[in-house]
Amino acid sequence: MADVKRVYTFGNKEAEGNGKMRELLGGKGANLAEMNLIGIPVPPGFTITTEVCAEFYKHGKEAVINMLRPEVEKAMQNIENLTGMKFGDKEMPLLVSVRSGARASMPGMMDTILNLGMNDQAVEAVAKRTGNPRFAWDSYRRFVQMYGDVVLGMKPVSKEDHDPFEVIIEEQKAKKGVKNDTDLTTDDLKELVKNFKAAVKKQTGEDFPACPWEQLWGAVCAVFGSWMNDRAILYRKLNNIPAEWGTAVSVQAMVFGNMGENSATGVAFSRDAATGENLFNGEYLINAQGEDVVAGIRTPQQITIEGSKRWAVAQKVSEQDRKTKFPSLEEVMPEVYKELFDIQHHLEQYFKDMQDIEFTIQDGKLWMLQCRSGKRTGAAMVKIAMDMLREGLIDEKTAVLRCEPAKLDELLHPVFDKKAISNAQVITKGLPASPGAATGPVVFFAEDAEKTLEKTGKRAILVRIETSPEDLKGMLDAAGILTARGGMTSHAAVVARGMGKCCVSGAGELQIDYKARTIQVNGFTVKEGDWISLNGSTGEVYLGQVATMAADVSGDFGQLMDLAGKYSVLKVRANADTPKDAAQAFSFGAEGIGLCRTEHMFFEGDRIKAFREMILADDEAGRRVALAKLLPIQRGDFEGLFKAMNGFPVTVRLLDPPLHEFVPHDEKGQKEMAAEMGVPLQKIVAKVESLAEFNPMLGHRGCRLGNTYPEITEMQARAIIEAAMNVRAAGMPVHVEIMVPLVGNHKELRYQKKIIDATANEVFSERNDKIDYMVGTMIEVPRAAVTANQIAEVAEFFSFGTNDLTQMTLGFSRDDIGKFLPVYLEKGILKNDPFQILDRNGVGQLIREAVLKGRGVRENLKCGICGEHGGEPSSVEFCHYAGLNYVSCSPFRVPIARLAAAHAALN
């Protein structure tokens, strides 16, 4: 272990590392090294590698200190040689900063310590050397406060508790009758240091450490420790950053922005991170240290004149007041500003991406402390990539790869007004099941959502314990959907995403009382008709009406999609059940429909009545009478879909759900059905009881229905073939694919194909014409995947239904997984929710095996997936590698899947 290099130095335009060593040095350490190598002014320092973070958690603090000591002492000597100061010296003390830096940017998630090396001797030496005792004591009090918070555990545990140091500062300011920290005198600051140390002694029982080396080791280990703090863990979870990556630690010679009116500190962006506008922007503070800008204790000022003027307009500050009280850095220090402007331009040109930079101005000299690719909104991401492409800074492939597929979601749905959201009252939080912003009056029943829209023209928020297919119309008419139960792939979530409808699911704190028509949650009572707002992008639920605005889908978005189409191999289709959904998907660039769920067509208006007549019929003749009423309705629906897709393939899945989903299970609903159908209530009750199943997911559904009642398959096959022939006769190309669901045995498929072919031939002879069509199957039963070679003898295409395939392979019910999933994720039993991100090692292997076996029998077998995974970027990537022809997802996820497919091809 001794021969492993754990420390990399940088300084004076030299560095042992470079910008490509992010995995080892973290983003900050790698970029500090790279900035040195390209001649940017950076204070000298060294970086302790991310590998040491893993060793820290494996071997503990003392073992890591012993391992690091020789290399760190040597690296510290390098800083001393470059600065002419000495760490721990009484005459020329070297002070350092200690910062974290993971390979993925995690702004504000881990801890930082400035002015380390300060003690009672050092403070006097700094005061003497600079001739500025106030600055020296200000630096000392800042160090004691930061070190106390980060290393000695003085930080308050709960939000209700006050930071003991802040309490002491406020008391001191009140005693002296001053408003700002900067108004405190040198003597005031001396008193603060004394009181800070007393607070440390009182709370910890130990004296504040005076030895700089003891301080350094405490700080380094505290930064490693902060890798596992709650906010860092949560941030990694939200951004899919693996815990095993660890953080590096960068130690740097201090430069001071708090040396007086000729010193400052700031944060800047080479372009606008919110809009993508090509405008250098940022904030700075005179006579301050880095943490002051982001802490919000003092109001920072704008760096550029343009930014300052815009800020003044927004804050209703006059131009005269702006110039005198809030001038820009460009006005206050024009020469330093010009150097900063040139450096940010150099960095952007060099790294070829928008830069987030931190800087300090010490006594008129500019120092760069950090640069990294800046975080940005979805809109800014697209604009910056396309602007840089037009500027010739990056090529087409880089522009595509620069855009994260998942972030496109922000561009496709309505969003809350930023100002309104900052003032909104959060009452609970669920899962962000379907992005967007929705606001409206609360209703508890689907029919009430329909009535609200009909009577008032306003869309309601449909609040349910959980939704079922019967709620479909109400969901369609609602502004958004909120459920107490269900996960990211629950019925509500899946259907909402398909509609591009905002949805928050699994908000377990909701106590929904259907009888009283109220919600009780966290001390709030929300009655029917009261307004609430849903944030489908965060899962937050707000009290009252929050203003929304349409997301801006600009020309850049369309150009990005054109590029994605140019480079992707995998095609993208949409899951669409109505012509409206199909048209939406087509506008987003879908190249066909990969899944049309015919059962969704039966829930509207008179259709459900005819379908229920079929269910109630005592014999085949009765069923055929009812099915004859459904035939023209289904035919019309399919015609609409074929027209919307204009020659692209349309995959129609035959009836899949068990029949009990089409009948009411409550007494009120059964009475209404009996009255409407003109049959005794007892007959309805008996039929509902006869349809009940212990495990409906594995019950009488899918191809089992079609093989038990062949007349259902006959009607649907006839509707599909006749619709296709009608549309073709009108001069439009048609590409028909008929999909048989839930096949587990090749014989099941053979029976169904025989019925479909016989029906098609009947239609052909009636019309004296023919049309091409394909018959395939949905692979969602593990046995079908394992015996795919037999099934491919019959099937002309495979579509993997990954929702049910995941349920059956892992043995998890997607509606009940919420009870144990958080524990499994926390314990590391599962890395992700398998219903959100495809389980590559289990479900993925079945898909690979099925593709391989199927194509061994039928060389040109078309294969795709149509589960919700079809719109999830890493799952799309897997489908590319597995050799699938297409993925199919809900319309509003089509652009995400298209970009993810391009990423997979380019990577």
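1. A residue is called buried when its relative accessible area is under 20%, exposed when that area is over 50%, and partly exposed in between, using a 1.4 Å probe and protein chains only. This is a predicted model, in which local features need pLDDT of at least 70 and side-chain atom pairs count only at pLDDT 80 or more, while totals for chains, interfaces and linings use all residues. Residues are numbered from 1 along each chain as its sequence is written, and side-chain values use heavy atoms, with hydrogens and water left out.

2. The structure holds 58 salt bridges, a salt bridge being a side-chain nitrogen of Lys or Arg within 4 Å of a carboxyl oxygen of Asp or Glu.

3. Arginine 322 pairs with glutamate 319 in a salt bridge whose closest N and O atoms are 2.9 Å apart. The two residues are three apart in helix H12 (residues 319–325), and are therefore separated by about one helical turn; helices (H or I, at least four residues) and strands (E, at least two) are DSSP runs, numbered from the N terminus. Arginine 322 is buried at 0% relative accessibility, whereas glutamate 319 is partly exposed at 36%.

4. Glutamate 348 and arginine 271 meet through their side chains in a salt bridge of 2.8 Å, N to O. Glutamate 348 lies in helix H14 and arginine 271 in the loop between strands S7 and S8, so the pair ties together parts that are 77 residues apart in sequence. Glutamate 348 is buried, with a relative accessible area of 5%, and arginine 271 is buried too, at 1%.

5. A network of salt bridges links Asp138, Arg141, Arg142, Glu170, Lys173 and Asp181.
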